[in-house]
Amino acid sequence: MKTYKVILLLTILVLSCKNETKIVVENNKPKAVKKETSPVTNKTPKGTFLCNINGEVWSYTKASGIVSRHKKTQKRTAIITFTKQLEKGKESVQLFYDGDSNVLEEVTAILKTPKRVGGNMSAMYQLKIKGGKRLPESKITGTLDLSNPTASGTAEVSNMEIRFEENQLADQTMATISLTPFSFSSVGYSDAEKLFGTK
């Protein structure tokens, strides 16, 4: 009987030692590190800053230019286009310069803005240098340099009005927009006269 008690006691001790060892090993295991994951955002690439539009930063993801001469009028025009790729659709700012005097003559902008009834609309804005009499509070100035393989220039635009569906805007302050003065450089452009030999 004593032998049986000794065996039983040894078995209990061995088992308890194993359990204690197991507990120690488990406690020594490195704790899993929870990685901080940043929330997924639906923002488009920030792109390159161009200007502020009504106080909001506006950046573009692509810039290009084209220079051409009208066959009938012989007027030479240089168009510089800045495009912003969005999740759904695009926005753009286009600058129209006189290709001979290099003076800014017209600006158009297409911006995605909230509609009064929900969703977004493509709001189109336009201002021509000749529109000064109709919109005396508006301002459009700028110059262009095409003396290098890439274009550079300046522009300043204020009080440019929406062309269509003003009543659809959720924010009526967006009926008129102003762009802070800005400059650009290293914009690649194509010259139709050089490409096709037209004059």
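Author: We will go through strand pairing, one threonine, the aromatic rings and one methionine. Keep in mind that this is a predicted model.

Reader: Start with pairing. In which sense do S4 and S5 pair, and over how many bridges?

Author: Look for bridges between strands. Strand S4 (residues 76-85) pairs with S5 in the antiparallel sense, over nine bridges. The two form a hairpin with four residues between them. In that turn, Gly89 has a positive phi of about 90°.

Reader: Which strand pairs with S5 over six bridges?

Author: Strand S6 (residues 104-114) does, again in the antiparallel sense. Val93 stands opposite Ala109 in S6. The hairpin of S5 and S6 has five residues between the strands. There Asn102 takes a positive phi near 60°.

Reader: How many of the residues of S5 are buried?

Author: Seven of its nine residues are buried, so S5 (residues 90-98) is mostly covered.

Reader: Now a single residue. Is Thr81 buried or exposed?

Author: Compare its relative accessible area with the cut-off. Buried means under 20%. Thr81 has 15%, so Thr81 is buried. Thr81 lies in strand S4 and stands opposite Gln94 in S5.

Reader: What does the side chain of Thr81 make with the side chain of Gln94?

Author: A polar contact, at 2.9 Å. Beyond four places in sequence, Thr81 touches Lys62, Ala63, Ser64, Val93 and Gln94.

Reader: On to rings. How many aromatic pairs are there?

Author: Check the distance between ring centres, then the angle between planes. The count comes to two aromatic pairs. In one, the rings of Phe82 and Phe184 have centres 5.4 Å apart and planes at 70°. Planes over 60 degrees apart count as edge-to-face, so this pair is edge-to-face.

Reader: Which parts does that pair tie together?

Author: Phe82 lies in strand S4 and Phe184 in strand S11 (residues 176-191), so the pair ties together parts 102 residues apart in sequence. Phe82 and Phe184 are both buried. Tyr60, Phe82 and Phe184 form one aromatic cluster.

Reader: Last one. Why does Met124 count as partly exposed?

Author: Partly exposed lies between the buried limit of 20% and the exposed limit of 50%. Met124 has 27% relative accessibility, so Met124 counts as partly exposed. The residue sits in strand S7 (residues 120-128).

Reader: What does Met124 touch beyond four places in sequence?

Author: Ala109, Ile110, Glu161, Ile162, Arg163 and Phe164. Met124 and Phe164 are 40 residues apart along the chain, yet their C-alpha atoms are separated by 7.0 Å.

Definitions and conventions: Residues numbered from 1 in each chain as written. Predicted model: local features only at pLDDT ≥ 70, side-chain atom pairs only at ≥ 80, totals over all residues. Heavy atoms only, no water. Buried < 20%, exposed > 50% of the residue type's maximum accessible area, 1.4 Å probe, protein only. Contact = heavy atoms within 4.5 Å. Pairing = 2+ DSSP bridges. Polar contact = N/O pair within 3.5 Å; in protein donor to acceptor, adjacent residues only side chain to side chain. Phe/Tyr/Trp six-rings, centres within 6.5 Å; stacked < 30°, edge-to-face > 60°.
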